[in-house]
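Reader: Could you help me learn to read the features of a protein structure? I would like to go step by step.

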Amino acid sequence: MSVGDSCGEVTPVPLFQILALFHVSLGQQLNLFWLHKVGVSAALLSTLSGVLSVDDIWGEEWHILRVSLQSTAPFLHILALASVTALSWFVAGYVIGRERSNLQGTVMLLYFILVFLVYLAPLMFTCPCIMDRHRLKARPAVIGRRGAPMLAPENTLMSFSRALQQGTSSVEADVSISVDGVPFLMRDHTLRRTTDVSQIFPDRQFSEASFFNWTEIRSLNAGQWFLKSDPYWTVQALTARDRSKISNQTVCSLVEMLRLVARSNSSALINIRKPPSGHPRYQNWFMDTLWAVQKSGISQKRVRTNVLER
């Protein structure tokens with residue numbers, strides 16, 4: 001029987017190789033077309049060259065292969081079970097379709113040994129995802145960036161409170177300086193995205209956030225936008241009490257956030273955005289920030305600062 005007759009000259013090489021293996025296992029002769037011979041040779045050469053290239057580029061990373069195999073072991077085991085099940089058809093065809101001989105018994109014995117090993121394979125490997133809790137290393141530090149922005153509006157007191165309740169080891173906040181020298185938490189250059197400034201101060205909605213005084217900033221609502229835009233699709237999971245609390249959130253000052261962190265015996269990373277050159281506190285922004293840290297009562301060792309250039 002000609003494999004070329006049954007497959008045609010456009011048969012993909014991998015499919016052809018599988019069919020060829022089936023024919024060989026049944027003891028049938030293969031009559032290969034020249035195109036198939038070229039395809040098989042090209043597939044083997046490309047595979048060999050690919051392995052050599054990977055070894056040349058990432059030769060020192062082969063140890064990751066073992067970890068990858070361990071991580072995917074359950075899926076590989078299912079694939080192995082499916083493979084030995086499919087192989088049973090060829091083994092049965094080989095044993096039944098031939099005259100009785102010692103070779104048939106050997107094939108059957110080898111097949112059952114293979115099945116036995118496949119079923120016992122889970123006992124012979126360990127998965128790095130499943131470990132004894134007493135052997136686990138120290139828990140990595142978890143930082144609440146802008147608090148817990150999936151549970152409450154970012155950079156609000158409620159957001160940082162939720163982050164600390166979730167067991168974060170530290171929180172991170174973005175700090176700007178108002179025109180009257182009050183450090184407050186705001187990520188954007190303007191107040192438009194996370195407050196109702198477009199309704200309260202429509203003529204100044206595109207103004208730099210740091211050019212508002214603290215009284216004006218404090219008068220803005222910093223929670224309604226979260227309920228309306230639902231940035232992380234989590235609003236539906238919130239309780240009515242949480243939604244009510246969110247709707248009344250205001251812009252948080254640095255002092256308020258640090259006091260919360262101090263009560264939780266945690267630490268904070270603050271990213272300070274320097275005011276523009278025409279800002280009234282351009283020369284004093286660092287002292288304003290230092291004053292806020294001291295006023296909060298938190299230990300300076302638990303506060304790390306990072307200056308953001310404009």
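Reader: Thanks! To begin, does Trp-285 count as buried or exposed, and why?

Author: Keep in mind that this is a predicted model. Trp-285 counts as buried because its relative accessibility is 13%, and the cut-off for buried is under 20%. Phe-286, with a relative accessible area of 47%, is partly exposed.

Reader: How do I read a pair of aromatic rings?

Author: A pair of aromatic rings is described by the distance of the centres and the angle of the planes. There are 5 aromatic pairs in this structure. One of them joins Trp-225 and Phe-226, edge-to-face, with 5.9 Å centre to centre and 85 degrees between the planes. Trp-285 and Phe-286 form an edge-to-face pair too, at 5.9 Å centre to centre and 90 degrees between the planes.

Reader: Which rings have Arg-204 over their face?

Author: Arg-204 lies over the face of Phe-201, 5.5 Å from the ring centre, and also over the face of Phe-212, at 4.0 Å from the ring centre.

Reader: And what about nonpolar cores?

Author: In soluble globular proteins, nonpolar side chains tend to be buried together. Here the largest nonpolar core has 24 residues, and Met-257 is among those with the most contacts inside it. Helix α12 (254-263) and strand β2 (170-177) are among the elements that each supply at least two residues of this core. The largest share, 6 residues, comes from α12. A second, separate core has 13 residues, including Val-182 and Ile-217.

Reader: Which residues does Met-257 touch?

Author: Leaving aside residues up to four places away in sequence, Met-257 touches Leu-157, Phe-160, Val-171 and Ile-270, among others.

Key. Residues numbered from 1 in each chain as written. Predicted model: local features only at pLDDT ≥ 70, side-chain atom pairs only at ≥ 80, totals over all residues. Heavy atoms only, no water. Phe/Tyr/Trp six-rings, centres within 6.5 Å; stacked < 30°, edge-to-face > 60°. Buried < 20%, exposed > 50% of the residue type's maximum accessible area, 1.4 Å probe, protein only. Lys NZ or Arg CZ within 6 Å of the ring centre and 35° of its normal. Core = buried A, V, L, I, M, F, W, Y, C linked by side-chain atoms within 4.5 Å. Helix = DSSP H or I, 4+ residues; strand = E, 2+ residues; numbered from the N terminus. Contact = heavy atoms within 4.5 Å.
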